Amino acid sequence: MSSAQVEQIELMSNPSAKYDASGNAGIINIKTKKNKLKGFNGSFTVLGAQGFYPKNTDNLALNYRNGKVNTYFNYNVNLIKYLTDLYALRKYYDTNHIITAMLDQPAFFSGSFLNNTFKTGLDYYVTSKTTLGVGLGGTFIYRNGINNGLAKWQDAAGVTDSTISTENKSKSRFTNGAVNLNARHTISSSQDISADIDWLHYSISTDQFFNNQLLTAGGYQDLSRGNIPTTITIFSGKVDHTLKLDKKTTLQSGWKSSSTNTDNIASYQNFDGSQWIEDYSKSNHFIYKENITAFYSSIEKKDDRFSYQVGLRY
């Protein structure tokens, strides 16, 4: 998400019973901007930066509002190439502070990162008190990287005794899709009710390749690779009711139900010189299913100097 789409970031150190138990340690609530101008309007921003490689961030925001209909579309793309060049020289001394050995370690890390994010939706104002909405969103991330490093053991004169070479290549793909259906109704100036239905799907794929070599007479080469696909599907629905008992006291209550399905495979293989062999000491298959249904109610009172909050979630 681009910073151009953010209107407010709210830090909740003591979230109410409205939120899941896993959020009791604190919640970050990111509120995105909503364009209230009538007619068609939009903006396009471009941000560029130059390091060893250039990087670019572009954002497009379009909005159309007329009568009872408001529709919007936001798109953000980030393209980044990175480079890290590290060098370390370690010297080892005896008790007389004379160098006995050295370890020469150059390392090089490079890669690219492409992030595409979009969000679109439509709000329909049935009346001045009732709003229906639908929202769609998605994220597509592509990341490639390669890491190379050497470890050269040397004597005090700098003559290399042995060298270990390490190479690691990775390719990651992340896709996410989301659908939201929502309804809002203001019952009175002190009371409102809302309902949301959400579907989210995550698909993650990571390929890894490792090449370790001892570059000396009688040395070795150790080749291995990994494939880690993951899918996560979440479906949830909730209803929230808010009632202001007075200017300083608010009563919140509601219901939420969610279903989560996770399927993660970690497959690692070693090369024996002629074929790839499954490494069962590292490979695993993780399947997780979770269904949660909860009711909550909380009351909060704010005075000039203190605030009080009592809640129950079942």
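Glu167 is buried, because its relative accessible area is 18% and buried means under 20% relative accessible area, with exposed over 50% and partly exposed in between (1.4 Å probe, protein chains only). The structure is a predicted model, in which local features need pLDDT of at least 70 and side-chain atom pairs count only at pLDDT 80 or more, while totals for chains, interfaces and linings use all residues. Residues are numbered from 1 along each chain as its sequence is written, and side-chain values use heavy atoms, with hydrogens and water left out.

The side chain of Glu167 meets that of Lys169 in a salt bridge (3.7 Å, N to O); the term stands for a side-chain nitrogen of Lys or Arg within 4 Å of a carboxyl oxygen of Asp or Glu. Lys169 counts as partly exposed, at 39% relative accessibility. How many salt bridges does a search of the whole structure find? The search gives 3.

Another of these pairs joins the side chains of Asp196 and Arg184 (3.2 Å, N to O). Since Asp196 lies in strand 9 and Arg184 in strand 8, this pair ties together parts that are 12 residues apart in sequence. Strands (E, at least two residues), like helices (H or I, at least four), are DSSP runs numbered from the N terminus. Asp196 is buried at 8% relative accessibility, whereas Arg184 is partly exposed at 36%.

A further salt bridge links Lys238 and Asp240, whose closest N and O atoms are 3.8 Å apart. Lys238 is partly exposed, with a relative accessible area of 29%, while Asp240 is buried, with 7%.

Leaving aside residues up to four places away in sequence, Ser236 touches Asp196, Ile197, Asp198, Ser257 and Ser258, where contact means heavy atoms within 4.5 Å. Ser236 counts as buried, with 12% relative accessibility.

Which strand gives the most to the nonpolar patch? Strand 7 does, with 3 residues. Val126, for its part, lies in the loop between strand 6 and strand 7.
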